[in-house]
There are 2 protein chains.
Amino acid sequence: TDAAARQRALARQGMLTKPSGSLGRLETLAVDLCAMQGHDHPVIDQVAITVFAGDHGVCDEGVSAFPQAVTGQMIANFANGGAAISAMARELGASLEVVNLGTATPLEGQLEGVRHRPIAPGTANLMRQSAMTEDQVSAALQAGDAAAGRAADAGAHLFIAGDMGIGNTTSAAALACALLGEAPEALVGPGTGLDAEGLSHKAAVVVRALQRHGGHRDPLTALQSLGGLEIAAITGAIMGAAQRRIPVLVDGFIVSTAALVAVRQQPQVREWLLFGHRSAEPGHQRVLDALEATPLLDLGMRLGEGSGAAIAVPLLRSACALHNGMATFDDAGVSNRA
Amino acid sequence: TDAAARQRALARQGMLTKPSGSLGRLETLAVDLCAMQGHDHPVIDQVAITVFAGDHGVCDEGVSAFPQAVTGQMIANFANGGAAISAMARELGASLEVVNLGTATPLEGQLEGVRHRPIAPGTANLMRQSAMTEDQVSAALQAGDAAAGRAADAGAHLFIAGDMGIGNTTSAAALACALLGEAPEALVGPGTGLDAEGLSHKAAVVVRALQRHGGHRDPLTALQSLGGLEIAAITGAIMGAAQRRIPVLVDGFIVSTAALVAVRQQPQVREWLLFGHRSAEPGHQRVLDALEATPLLDLGMRLGEGSGAAIAVPLLRSACALHNGMATFDDAGVSNRA
């Protein structure tokens with residue numbers, strides 16, 4: 001990011017007609033965006049959202065409150081404009097595309113805005129074998145990178161990755177445990193709505209998965225063993241956006257875990273990341289801590305799809321509007337403090 | 001508010017294509033707005049912002065980091081579009097008016113969007129006498145009510161009150177102490193940026209003010225003794241908006257203290273209040289606790305002008321977009337949990 005633009009932005013924030021620091025995180029956001037975008041008037045007009053979808057073999061172990069068919073059904077719901085992220089994309093004037101990396105149930109009919117890049121009909125069951133082959137994880141990373149490339153070609157000022165995959169909090173929890181060396185109890189949560197018994201079973205599944213694949217602190221090996229097709233694609237998309245100098249607004253537990261893989265693999269990715277919200281999924285906080293991230297919002301959301309990032313977009317736009325639109329003390333003839 | 005509309009909204013939230021509860025506070029916000037607006041499709045299109053400005057006699061005691069002339073200078077800055085709330089009103093497509101209740105320094109020239117309703121050239125010094133006379137506090141309450149009336153006439157879906165008045169955190173801290181029976185140390189903060197010595201002096205001023213006027217737990221008497229012209233007007237505006245069934249999005253420490261006066265005077269006002277943000281001014285949390293309020297944002301802001309409420313408006317709009325725009329499980333053909 002651009003250190004000179006950051007310095008100019010900091011100086012401007014000190015001259016605007018307000019007590020210094022009184023806009024709190026909106027000031028640091030504006031300064032960060034100036035540094036990322038490399039100029040003095042940050043802009044978040046064009047927002048590109050890509051939802052990555054894929055199924056999870058670990059659903060065989062009964063780890064989700066919802067049936068696996070929902071992954072495919074939700075891809076159709078995205079295409080038809082009925083999902084939360086669809087409504088938010090309309091509200092924001094953002095572009096929305098879906099990349100289907102492979103579902104357990106075949107999808108029927110043409111779906112607008114859906115790119116079919118099926119790598120497998122879901123991952124293998126990570127409790128019993130590696131979730132992906134090396135070729136599969138490569139293909140997923142590449143599909144993510146291609147989405148970042150399309151965002152760059154479209155002139156996106158901001159990239160948001162979303163996730164859809166029944167069972168993916170199990171995969172993300174196992175992956176985060178492997179990367180962070182944490183115990184499953186710290187990272188396994190209710191996902192879409194498990195009760196206490198379901199939660200305990202899910203934790204046991206993650207324990208067995210870590211026994212099989214644990215100790216893989218290498219990020220891409222852990223991703224292959226324990227991740228998901230959509231999680232790998234999100235990792236690729238985040239690395240691709242950062243390489244193309246596009247700020248990334250990170251969503252909740254799944255996307256943050258993919259971001260952790262990306263940052264462990266390429267530490268310079270971190271400076272392109274902003275964090276939209278703290279998820280109600282309890283493992284998210286550990287992943288945020290590992291990324292030294294303080295998200296903008298804490299509204300008890302736990303939906304995925306990129307929704308918690310989309311909700312935060314207007315805060316970035318407001319930070320830009322204030323940075324670009326306020327008068328300075330000199331211009332306005334307002335006295336500064338003594 | 002409308003209990004039947006609330007029940008219908010709750011039922012709809014349970015049918016939308018997401019795990020129940022997974023949109024967190026955006027769900028309760030949408031339900032609250034349905035109940036306030038009394039129908040099934042909540043709307044926050046027309047937002048009316050009124051900034052109330054007035055000077056404070058207690059500035060004679062040296063309680064602010066900024067000179068008193070800034071109140072009048074900022075009124076001109078609002079009119080010229082250079083203040084934070086000006087930039088946010090443009091960003092939101094909200095209407096912005098300023099009501100000048102009286103400044104210590106005369107204002108020069110015509111100022112667009114400013115209504116001059118001078119009651120006095122600032123309040124009297126609350127450390128030495130009552131800040132306002134009974135007639136003055138009545139006139140200020142009435143000026144606030146008139147602003148709520150204009151918002152209703154304009155068809156506002158949401159009302160935001162903002163404050164401008166150098167010295168007003170001293171007044172608000174004293175007023176909140178009187179209403180809550182708290183000690184000044186709990187409610188006095190740095191305002192626009194006092195250092196430790198300034199803070200200690202400000203607390204001593206509040207102690208003396210409470211010795212003189214303390215024990216006035218009656219809200220309007222406390223308001224007259226310790227409040228400000230703009231604080232009284234905000235109290236009147238909040239009561240007036242609630243009476244006209246307009247939801248109010250409450251800003252930070254000053255506006256929340258005015259809201260506390262309003263709720264103590266008319267408890268039914270409370271159900272029309274939403275809270276935009278938690279201010280960095282430390283006394284705000286105590287006032288929020290007394291109002292049993294959990295604000296939407298916590299971004300370290302402490303500017304006033306209604307800015308912390310304005311920043312939260314897109315969250316309300318997003319809650320509406322999700323409630324109105326998402327498909328149900330039945331419509332989308334998505335399986336719900338077993």
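Author: The questions and answers that follow set computed values against the definitions of the terms.

Author: This is a predicted model, in which local features need pLDDT of at least 70, side-chain atom pairs count only at pLDDT 80 or more, and totals for chains, interfaces and linings use all residues. Residues are numbered from 1 along each chain as its sequence is written, chains are lettered from A and ligands numbered from 1 in the order in which they are written, and side-chain values use heavy atoms, with hydrogens and water left out.

Reader: How do you know that the radius of gyration of chain A agrees with that of a compact globule?

Author: The radius of gyration is taken over C-alpha atoms, and the globule rule is 2.2 Å times the number of residues to the power 0.38. For 338 residues the rule gives a value near 20 Å, and chain A has 20 Å, so the two agree. Along the principal axes, the C-alpha atoms of chain A fill a box of roughly 70 × 45 × 35 Å.

Reader: Why is A:Ala309 called buried?

Author: Buried means under 20% relative accessible area, exposed means over 50%, and partly exposed lies in between (1.4 Å probe, protein chains only). A:Ala309 has 0% relative accessibility, and therefore counts as buried. A:Ala309 belongs to helix H13 (residues 307-310) of chain A. Of the 338 residues of chain A, 64% count as buried.

Reader: Which residues is A:Ala309 in contact with, leaving aside its neighbours within four places in sequence?

Author: Contact means heavy atoms within 4.5 Å. With those neighbours left aside, A:Ala309 is in contact with A:Ile160, A:Leu249, A:Val250, A:Asp251 and A:Gly276.

Reader: Why is A:Leu210 called buried?

Author: A:Leu210 has a relative accessible area of 16%, and so it is buried. The place of A:Leu210 is in helix H8 (residues 196-213) of chain A. Apart from neighbours within four places in sequence, its contacts include A:Ala174 and A:Leu226.

Reader: What makes A:Glu182 and A:Arg286 a salt bridge?

Author: A salt bridge is a side-chain nitrogen of Lys or Arg within 4 Å of a carboxyl oxygen of Asp or Glu. The side chains of A:Glu182 and A:Arg286 meet at 2.7 Å, N to O, and the pair is a salt bridge. A:Glu182 lies in the loop between helix H6 (168-180) and helix H7 (184-187) of chain A and A:Arg286 in helix H12 (residues 283-290) of chain A, so the pair ties together parts that are 104 residues apart in sequence. At 25% relative accessibility, A:Glu182 is partly exposed, and A:Arg286, at 35%, is partly exposed.

Reader: How do you know the size of the interface of chain B and chain A?

Author: Buried area is the accessible area (1.4 Å probe) that two parts lose on being put together, summed over both. Chain B and chain A bury about 4,200 Å² between them, with 64% of it on carbon and sulfur atoms. B:Phe66, B:Leu299 and B:Arg337 supply 14% of the area that chain B buries against chain A, more than any other three residues. The contact takes 52 residues from chain B and 52 residues from chain A. One residue of chain A, A:Ser318, touches B:Met88, B:Glu91 and B:Ile311, not counting residues up to four places away in sequence.

Note on methods:
Helix = DSSP H or I, 4+ residues; strand = E, 2+ residues; numbered from the N terminus.
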